[in-house]
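Subject: Handover of a structure

Dear colleague,

Please find the structure below for your files. My findings follow after it.

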Amino acid sequence: MEKVRYGIIGIGKMGSLHCLRFKYKLIKNGTLTAVCDISPERRQWAEKNLPGVTFFEDYKELMESGLVDAVLIATPHYLHPEMGKAALARGLHTLIEKPAGVFTSAVRELNEAAKEKKGLVYGIMYNQRTNKLYRLAKTLIESGRLGEIKRINWIITDWYRPQAYYDQGGWRGTWVGEGGGALINQCPHQLDLFQWLGGMPSKVIGYAKVGVKRNINVENDVTAYFEYPNGATGVFITSTHDFPGTNRLEIDADKGKLVIENNKLTFTELEVGETQFNATNTKFMPKIPVKKKLVKRITKLGELSQFVTSQHTAILRNFTDAILYGKPLIAPGEEGINGLTISNAIHLSSWTGQPVTLPIDEKLFEEELAKRIEEEKEFNKKKVQL
Ligand SMILES: NC(=O)c1ccc[n+]([C@@H]2O[C@H](COP(=O)([O-])OP(=O)(O)OC[C@H]3O[C@@H](n4cnc5c(N)ncnc54)[C@H](O)[C@@H]3O)[C@@H](O)[C@H]2O)c1
């Protein structure tokens, strides 16, 4: 195979941008041969903008057309596991958009299906893993330069969504359409990076407040506390009603502290690890000498350069190279379940008012989610009557 032939399923906001990446030949070894959407409006868009690309209304027909070697699934989240399994069953390399799904049992089934298809590449669009600052943080952690992590905190409140966002209708901001609010729509990248850098917690306590300052029935204000197997702790705060918002990741470790904020990473490396310092120190309120302050910035690109060199393009190129040359994936599909597990655990803890230990009780999660989907029908009726 010289070029990977791609089919994109779901050509809405995100899927159509992925189409344009192929149209403008940003994916050197990939070509777009087919697209699929159930919307007549998206069909018209494809006919106008993607000449020579075959359009399907039924994703299974696309998968069985013989026109594609790989699919990129960019439909609403509930559909990712079902469509992913269908693609793998038909021998297609499969890249799913984030989040991997809405509940972990469906994603586990997808992972198991992928495990059985050893020759197929299975990835997830965790494009923020290509961000140079998060990659540097990962290298610093894995090289041991940070030492053992003691605390990981992320405040990510810089996605302001007014009532108009929620009133646009469709699947967004609903239990039935996407399985929640900020956690499942806005935060999957951060929850993935949270575990990519800090590992998986063993215990989660979450408060996912619904409808704060908005007439909505899903969470838009979340505070979660985590405990890790080594005794470390963590806090994750998100909201969609703060303005101006904050995006600050802070990792405190034995040998120093790493902060990423405003496109800048600062690593304050200690002369000697805190544990070692404490073992011999005799002063009451000392300061541990700093060995080095490492500062790395990334510049904000203009819109066009951002599209060309975007993180999504990087994931698509990497996925293509994994198919053609066996290159390791930046974001293997199997890892999609981790961030979703954290998201589900926060929801479950908030719903039950109890701490949740991992692995989560998947059955209970699905029962509680089903309750919220039912309650949503009443909420919508009342909203219409207002
Ligand atoms: N990686 C990222 O940075 C990023 C950014 C935005 C969205 N996303 C993800 O991409 C996915 C899509 O989001 P969006 O903003 O493009 O939504 P969207 O609603 O604009 O697009 C979804 C498209 O899927 C189509 N669709 C629905 N059911 C279908 C079916 N059964 N068969 C074929 N097509 C179907 C819809 O008609 C629509 O055109 C979501 O899971 C979202 O989380 C990822």
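Which residues are closest to the ligand, and how many surround it? The shell holds 22 residues, and the closest are G10, G12, K13, M14 and E97; a residue is near a molecule or strand if its C-beta atom, placed from the backbone, lies within 6 Å of it. Helix 1 (residues 13-23) gives the largest share of this shell, 3 residues. By type, the shell divides into 10 nonpolar, 7 polar and 5 charged residues. Here Ala, Val, Leu, Ile, Met, Phe, Trp, Tyr, Cys and Pro count as nonpolar, Asp, Glu, Lys and Arg as charged, and the others, Gly among them, as polar.

Two remarks on conventions are needed. Residues are numbered from 1 along each chain as its sequence is written. The model is predicted: local features need pLDDT of at least 70 and side-chain atom pairs count only at pLDDT 80 or more, while totals for chains, interfaces and linings use all residues.

Overall fold

The protein chain has 15 helices and 15 strands; these are DSSP runs numbered from the N terminus (helices H or I, at least four residues; strands E, at least two). Its radius of gyration is 22 Å, close to the 21 Å that the globule rule gives for 386 residues, so the chain is as compact as a globular protein of that length. The radius is taken over C-alpha atoms, and the rule is 2.2 Å times the number of residues to the power 0.38. Of the 386 residues, 41% count as buried (20 or more other C-beta atoms within 10 Å of the residue's own; exposed means 12 or fewer, partly exposed in between, with C-beta atoms placed from the backbone).

An open sheet of 6 strands, with parallel pairing, has the order 3-2-1-4-5-6; two strands pair if DSSP finds at least two bridges between them. Strand 3 (54-56) and strand 6 (122-124) are its edge strands, each pairing on one side only. From one strand to the next, the twist averages 25 degrees. Strand 5 (residues 93-96) pairs with strand 6 over 3 bridges, and L95 stands opposite G123. Helix 1 packs on this sheet, touching strand 1 (4-9), strand 2 (30-36) and strand 4 (70-73), and its direction makes about 145 degrees with that of strand 2. Contact requires C-beta atoms, placed from the backbone, within 7 Å; axes are lines fitted to C-alpha atoms, for helices over the stretch in contact, and angles run from 0 to 180 degrees between N-to-C directions.

The mixed sheet

An open sheet of 9 strands has mixed pairing and the order 14-13-12-11-7-10-9-8-15. Strand 14 (290-297) and strand 15 (356-357) stand at the edges with a single partner strand each, so one side of each is left without a neighbour in the sheet. Strand 7 (residues 149-156) and strand 11 (residues 247-253) run antiparallel and are joined by 7 bridges; I149 has A253 as its bridge partner. Helix 10 (residues 188-198) packs on this sheet, touching strand 7, strand 10 (233-239) and strand 11, at about 165 degrees to the direction of strand 7.

Backbone details

The peptide bond between K98 and P99 is cis, with omega about -15 degrees, and P99 lies in the loop between strand 5 and helix 5 (104-116). Another cis bond runs from F243 to P244, with omega near -5 degrees. K25, in the loop between helix 1 and strand 2, has a positive phi near 55 degrees.

Yours sincerely

Conventions. Contact = placed C-beta atoms within 7 Å.
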